Amino acid sequence: ELFHIYRTIEIVARWVYICGMARFVHPSIGDVTLPGLLAALADPARLAIVRRLYAAKDGLCCGDAASCSSLPKSTLSSHFRLLREAGLIRTEKCGLEHISRLRRAEIDKKFPGLLKLVLKLSEEPKT
């Protein structure tokens, strides 16, 4: 009897852990604000991630989107979470990978030309 109780608790705990891992917070486009977008884009690492996603057609796995960074995985996870919470990206679990896509059409509809302008103005000057 006691074994079955412990086994049930273990199964429920695993289920809660797995379900929690697969969920991502994506605000509706109506909740996305200009100050929130600009705050998320103010960090050079997040800006680099957005730049890579902007150039990608079908999205990128998180590792590819941040491949130019030597930051620890925990820091990169935090950057992706902040980009999601700001409404810039949408992340989906695809097998073992997380595929992130820029919410380009939605953002361009609400803030026309913002992403293109920010990315253009933040380019490194060519010498």
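Ala, Val, Leu, Ile, Met, Phe, Trp, Tyr, Cys and Pro count here as nonpolar, Asp, Glu, Lys and Arg as charged, and the others, Gly among them, as polar. The structure is a predicted model, in which local features need pLDDT of at least 70 and side-chain atom pairs count only at pLDDT 80 or more, whereas totals for chains, interfaces and linings use all residues. Residues are numbered from 1 along each chain as its sequence is written, and side-chain values use heavy atoms, with hydrogens and water left out.

The protein chain contains 7 helices and 3 strands, where helices (H or I, at least four residues) and strands (E, at least two) are DSSP runs numbered from the N terminus. Read from the N terminus on, these elements follow the order α-α-α-β-α-α-β-β-α-α. Of the 127 residues in the protein chain, 29% are buried, a term that means under 20% relative accessible area, with exposed set at over 50% and partly exposed in between (1.4 Å probe, protein chains only). Among the contacts (heavy atoms within 4.5 Å) with a separation of 6 or more, 65% join residues 24 or more positions apart.

Helix α2, residues 34-41, has L37, A40 and L41 as its buried residues. Seen down the axis of α2, these residues fall within an arc of 95°, so they line one face of the helix; the arc is that of the directions from the helix axis to the C-beta atoms. Their cover includes α3 (44-55), α5, α6 (104-110) and α7 (114-121).

Helix α7 can be read in a similar way. The buried residues of α7 are L114, L115, V118 and L119. Because they cover an arc of only 120° around the axis, they sit on the same side of α7, while K116, K120 and L121 are exposed on the other side. The buried residues of α7 pack against α2, α3, β3 (97-102) and α6.

I89 belongs to strand β2, residues 89-94, and counts as buried because its relative accessibility is 0%. Not counting residues up to four places away in sequence, I89 touches H26, L53, F80, L83, R84, S100, R101, L102 and R103. I89 and R104 are 15 residues apart in sequence, and their C-alpha atoms lie 8.2 Å apart in space.

H79, in helix α5, also counts as buried, because its relative accessibility is 9%. Its side chain makes a polar contact with the side chain of R46 at 3.1 Å; a polar contact is a pair of N or O atoms within 3.5 Å, of which, within protein, one must be able to donate a hydrogen and the other to accept it, and residues adjacent in sequence count only if both atoms are side-chain atoms. Leaving aside neighbours within four places in sequence, H79 is in contact with D43, A45, R46, I49 and L71.

The last feature is a pocket, which on a 1 Å grid over the protein atoms alone is an open set of points where a 1.4 Å probe fits, with protein on both sides within 12 Å along at least five of seven lines; lining residues have an atom within 4 Å of a point. The largest pocket has a volume of about 320 Å³, a volume being the space filled by probe spheres set on the points, which are joined across faces, edges and corners. Its lining consists of 12 residues, of which C62, K73, L76, S77 and F80 lie nearest its centre. The elements giving two or more residues to this lining are α4 (62-65) and α5 (73-86), and α5 gives the most, with 6 residues. By class, the lining has 5 nonpolar, 4 polar and 3 charged residues.
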